[in-house]
Amino acid sequence: MSGGYNEDDWDRTRQMPRHGVQQPARPEPPRGPVINAGRLWAGGVATAIVAALIGLVGLLIVRALLQIPYLAPVKSGALGDSRTVILCVSAAVAALAATGLAHLLLLSTPRPMAYFGWIAGLLTAVAVVLPILNDDTLAVSLATGVIHLVIGLAIISLVTGAALSASTRA
C-alpha cells in the first residue's frame, strides 16, 4: 500500500516545534575572579619560610660578620637570644598576613595587586623607619631597617607572584 506517503512522512512530530519545553541551561560564566586559594596559600606559606630565613640570615650577617650587637649583647653569640626567634616568627606572620591581604583584595577590589603593592610598600616603609626612632645606636637602627627592608621586599615580590599565579583576574 503505497498510498502516496513514504516512511519519512509517517512521523512528522519530530519536526514540530516543541512549545513549553525549555532548552538545557547553559552554564553561566563565573561572576567574580577565579582564585586558586590552595595555590595562593601554598605560596604564602613558602613566603613565610623565606621571610623567616631572611631574618635569620640578616641577623647572622649583622652579628657575626659586622660584629654589631643586634637584638642581644655580643656575648650572646652569633644567634643572639630569644629575640632572634621573635624576629623570624614576626617575619613569617607578616608574610601570612600579606597573603591574607592579597586574597581579600583579589576577591574585592579592582586592580587588586596595585592596592597590594601600595599597602605592603607603605607598611614596609614604616617597618624600616620605626627602628631609627628608637634609642638604639645608629648601627643597630640601620641594621634593623635594612633587614626589615629586605624582608618586606621579599614578601611583596613573592606574594605578588603567588597571587598572579593563583588568579585569573589579577
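How many of the 170 residues of the protein count as buried? The share is 31%, where buried means under 20% relative accessible area, exposed over 50% and partly exposed in between, with a 1.4 Å probe and protein chains only.

Before we go on, a word on what you are looking at. This is a predicted model, in which local features need pLDDT of at least 70, side-chain atom pairs count only at pLDDT 80 or more, and totals for chains, interfaces and linings use all residues. Residues are numbered from 1 along each chain as its sequence is written, and side-chain values use heavy atoms, with hydrogens and water left out.

The protein has 5 helices and 0 strands (DSSP runs numbered from the N terminus: H or I of at least four residues for helices, E of at least two for strands). The mean pLDDT, the predictor's confidence in each residue from 0 to 100, is 86 for the protein. Helix α4 (residues 112–129) has the highest confidence, at a mean of 97, and helix α1 (residues 7–10) the lowest, at 57. Where pLDDT is low, the predicted coordinates should not be read in detail.

Now turn to the fold's contacts (heavy atoms within 4.5 Å). Among those between residues at least 6 apart in sequence, 66% join residues at least 24 apart.

On the surface, W41, V45, I49, L53 and L96 form a nonpolar patch. Helix α2 (residues 37–65) gives the most to this patch, with 4 residues. L53 is found in helix α2 and is partly exposed, because its relative accessible area is 47%.

Terms used:
Patch = residues over 30% accessible without salt bridge, like charges linked within 9 Å, V, L, I, M, F, W, Y side chains within 5 Å. Areas by Shrake-Rupley, 256 points an atom, 1.4 Å probe, with all protein chains shown as cover. Salt bridge = Lys/Arg side-chain N within 4 Å of Asp/Glu carboxyl O.
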